[in-house]
Structures are given as C-alpha cells and as structure tokens.
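Hi there,

Here is the structure we talked about. Have a look at it first, and then read on for what turned up.

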Amino acid sequence: MSRPLILPAAPSLSRRHLVVGGAALAGSLAMPAYVRAQGSKQQLKLSIGRIPWAAGNSPMTQYMINNKLLEKRAADFGYDLTIDWREYPTALPMVEAMVGNNLDIGMWGNTPIIRAISSGLPISPIVVGEGHLRFLITTRTGSPIKNAQALKGKTIGVSLGGDPQSALTQMLKHELGVQDVVKEAGIRYVNMPTHAQAASVPTGVDATCTISPAFYAAQASGTVAIMNSFGQTEDYYEGPAGKGAGILLPSVKKSQFYPDGYYLHRSFWIGRNALIEQHPQAVTAFIVAQQEAVAALTAMDAGAVSQLVKDYWKLDATQGAKVVKDDVLFSRGWSWPTEKDALAILESSRYMAENKQIEKALDWAKVRTQFQRTAPLVKAAYDKLGSKPAAAEFTRTDVADLRGRPVWEIDKWANPA
C-alpha cells in the first residue's frame with residue numbers, strides 16, 4: 001500500500017457491547033453482552049455490519065431487515081433477538097470496529113479477511129455474503145486510454161488495501177504479461193476512499209478501478225470502462241482484441257480462476273469467535289435467515305430485487321438487474337461456502353505476499369482451520385432448510401463460478417499446493 005487509508009471512526013462502544021464480567025483485553029475479541037430473559041427465551045443483542053453500496057449483500061440484507069427474518073429464526077432457536085444493523089462504506093472500518101469489541105458480525109472481502117487471519121484476530125468466516133462482483137477499469141469519455149496496454153506509465157485510482165486493488169492487479173498482470181505492474185509497467189496507484197469517488201475518475205488520475213454499482217451510477221457523468229475482472233471488454237475498449245463490449249480477452253484463460261475471471265472474488269460474513277462459541281444457535285439462525293433471503297430474491301425479477309436498494313445503488317431497474325445477475329448468490333441460489341470459495345482466500349494471500357501487502361502467504365491448513373469452527377453450524381442450517389441444493393450441485397463444472405465440496409465436507413477438501 002503506497003499510502004495509508006484513513007478510516008472513518010468506528011461507532012462509540014455502547015453499553016450493550018460491553019463484555020459481561022469485565023473489559024475486553026487489548027487485541028482480543030470478547031463475547032457479546034447478553035442477559036437472561038425472565039421467560040423461556042434468552043435475550044441477545046447483536047451488531048451486524050453490512051455494505052449496502054456494494055453488491056449482493058445489499059438487497060439480501062435489506063430483505064432480511066424488511067421481513068425481520070433473523071429475529072424470526074432466532075426465536076425458533078430460543079432467542080429474543082435485538083439487532084443493530086450498521087452501514088459501512090467498505091470492510092476496513094468494520095475490522096476496526098470488531099477489533100475494538102464494537103461489532104459482532106460483518107461482511108468482509110478477501111483482502112481484509114487475509115489481513116485479519118495473518119494478524120491472529122479471533123474471527124471465523126460464517127457464510128458467503130456476495131461474490132463474483134464485477135470490477136471495472138474506468139476512465140473519462142475522450143481519454144486515449146482504451147485498453148490495458150495504454151495504462152503503462154499512468155496513474156490509477158483504486159481503493160488501496162481492498163479487493164479492488166487485488167482485482168486490478170490481477171487484471172493488469174495477465175493482460176500486460178508482467179509480474180510487477182509498478183516496476184515493469186510503471187503504473188502508480190493512488191488511493192480512492194470510496195467506490196463512488198473512484199467511479200467519478202477524479203482529476204489527478206488517468207483511470208480508476210471501481211465496482212459495477214458505482215460505475216453504472218457514474219456513466220451519466222461521462223465515466224466509461226475498458227475491461228472488467230470477468231475477462232471481458234467493456235464499451236470503451238479498442239485494442240488487440242477488437243472494439244466494443246463483450247469480447248473475451250485471451251489472457252483471462254491463463255488465470256487459475258477462470259471461468260470466474262482474473263480474480264476470484266468472494267466476500268464472507270465474519271463472526272467473532274466468542275460469539276460463535278457462546279451463541280452457536282444464534283449464528284445458525286443468521287445462516288438460515290440469509291439463505292431464506294437468497295432463495296426468495298433468486299426467485300424474483302432481478303430488476304425488482306435491485307429496487308430494494310435503489311437509495312444506495314442509485315440505479316434504475318435495468319441497470320440494477322445487471323448487478324444482481326452478476327452476483328454468485330443469485331446465480332447459484334444458495335450461499336453455502338465451498339472448497340473453491342475458500343480457495344479465494346488462499347490464492348489472494350499468495351499474491352498479497354508477493355506484493356508485500358502481508359509478510360507471508362497463508363497455508364491451506366490455516367485457511368481450512370478458519371472454516372472448521374462454523375462448518376457444523378452451516379450444515380445444521382442446510383439440513384434445517386431441506387438439504388438444498390442436492391450434493392451434485394456443489395461440484396458442477398458447467399457453470400460460470402468455481403465451486404467444490406461444501407464446507408461440511410471440509411475433511412475432503414484437496415490441498416491445492
């Protein structure tokens with residue numbers, strides 16, 4: 001990271017997040033506060049962070065909120081649940097809040113998850129929160145930059161330390177045929193604090209990398225795109241592969257993540273280990289509620305799904321449908337973590353280590369360990385919802401996303417080394 005990302009201050013620590021019986025130790029994540037109900041149900045208060053300006057997690061959590069799905073499912077498990085839903089622009093301030101014992105569950109992408117695991121934070125992935133997000137390399141109308149080769153020696157704005165930087169780096173490495181985009185291609189990265197700022201392609205940068213909801217909203221102001229992380233050209237592209245959108249760039253087939261694209265994007269709901277250990281059934285209720293939301297939204301018109309969050313995405317139904325259709329949650333219709341979803345964390349850690357973003361890459365045993373704590377809870381939710389989809393669906397290869405054995409078969413996950 002060439003310059004630090006300035007994080008917004010985490011919400012102040014409220015009384016309901018204080019640890020029962022004492023203060024949290026520095027650097028540790030203590031169990032959430034709760035009190036016993038007078039009746040048969042146990043009262044529990046949870047804080048949950050979401051990113052409503054991102055992709056699939058946005059309408060999915062909105063559906064959960066609108067229909068109080070989590071409260072209802074928690075009641076099935078004996079909880080009287082109160083939820084503090086919080087909105088964050090990216091995952092990084094959620095990490096800060098969780099370290100400060102001020103957040104119970106949050107949705108993070110590969111990059112902050114890897115940093116958290118590398119630093120020893122006691123957290124675990126729970127379930128897939130969104131995935132297969134379209135990252136785009138964008139510029140301004142009239143710009144001479146119409147393909148990746150034209151980016152050599154240029155300045156690119158991107159959210160440093162997050163998935164956009166990782167996705168951008170993988171796009172450029174494959175399309176330019178280099179290992180180090182800074183040294184070999186002379187490209188300079190500049191931090192963009194928000195996706196919307198990146199999508200505006202502000203003065204001082206030649207191009208940016210942003211996510212599809214922000215890009216679609218910025219098109220009216222003159223932002224154009226040349227290529228995306230799926231390995232396809234966008235409308236402004238003109239170069240060796242041809243002209244216009246929808247052309248598959250040959251270099252993407254060299255990516256180990258193909259057909260997912262240059263980058264295996266997955267975001268996971270992350271929980272504090274103390275919460276998972278002290279209230280496993282509350283976590284199972286969360287998994288059940290999310291899957292019910294995913295199933296309901298998958299059955300709906302994609303444009304209608306997008307309008308649940310039109311105040312965040314600022315997109316009409318036609319544009320919003322594009323974001324919904326891209327997301328792995330809705331193309332699959334289920335959110336159970338798989339072997340290849342976990343691979344996203346492993347492989348991302350390897351090139352983060354190569355780029356000196358972390359000291360060393362994670363090993364497969366370490367990644368598997370992160371999923372073991374919640375695997376029985378995911379299986380319990382899967383069983384409760386009728387064991388759908390069938391086992392064969394997890395290992396299909398005739399689809400546009402990488403899958404593999406589900407997390408409850410973690411003992412059969414093959415070592416990719």
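How many cavities of 30 Å³ or more does the count come to? It comes to one. A cavity here is a set of points on a 1 Å grid over the protein atoms alone where a 1.4 Å probe fits but cannot get out. Points are joined across faces, edges and corners, and the volume is the space filled by probe spheres set on them.

Before the rest, a word on the source: this is a predicted model, where local features need pLDDT of at least 70, side-chain atom pairs count only at pLDDT 80 or more, and totals for chains, interfaces and linings use all residues. Residues are numbered from 1 along each chain as its sequence is written, and side-chain values use heavy atoms, with hydrogens and water left out.

Back to the largest cavity: it holds about 240 Å³ of space. Its lining has 22 residues (those with an atom within 4 Å of a point), and the closest to the centre are Thr 90, Ala 91, Asp 163, Pro 164 and His 195. Strand β4 (105-109) and helix α5 (163-176) each supply at least two lining residues, and β4 gives the most, with three. (Helices are DSSP runs of H or I, at least four residues, and strands are runs of E, at least two, numbered from the N terminus.)

Now for a pair of helices. Leu 69, Leu 70, Arg 73 and Ala 74 in α2 meet Ala 285, Phe 286, Val 288, Ala 289, Glu 292 and Ala 293 in α9, where contact means heavy atoms within 4.5 Å.

Cheers

How values were computed. On a 1 Å grid over the protein atoms alone, a cavity is a set of points where a 1.4 Å probe fits but cannot get out, and a pocket is an open set with protein on both sides within 12 Å along at least five of seven lines; lining residues have an atom within 4 Å of a point.
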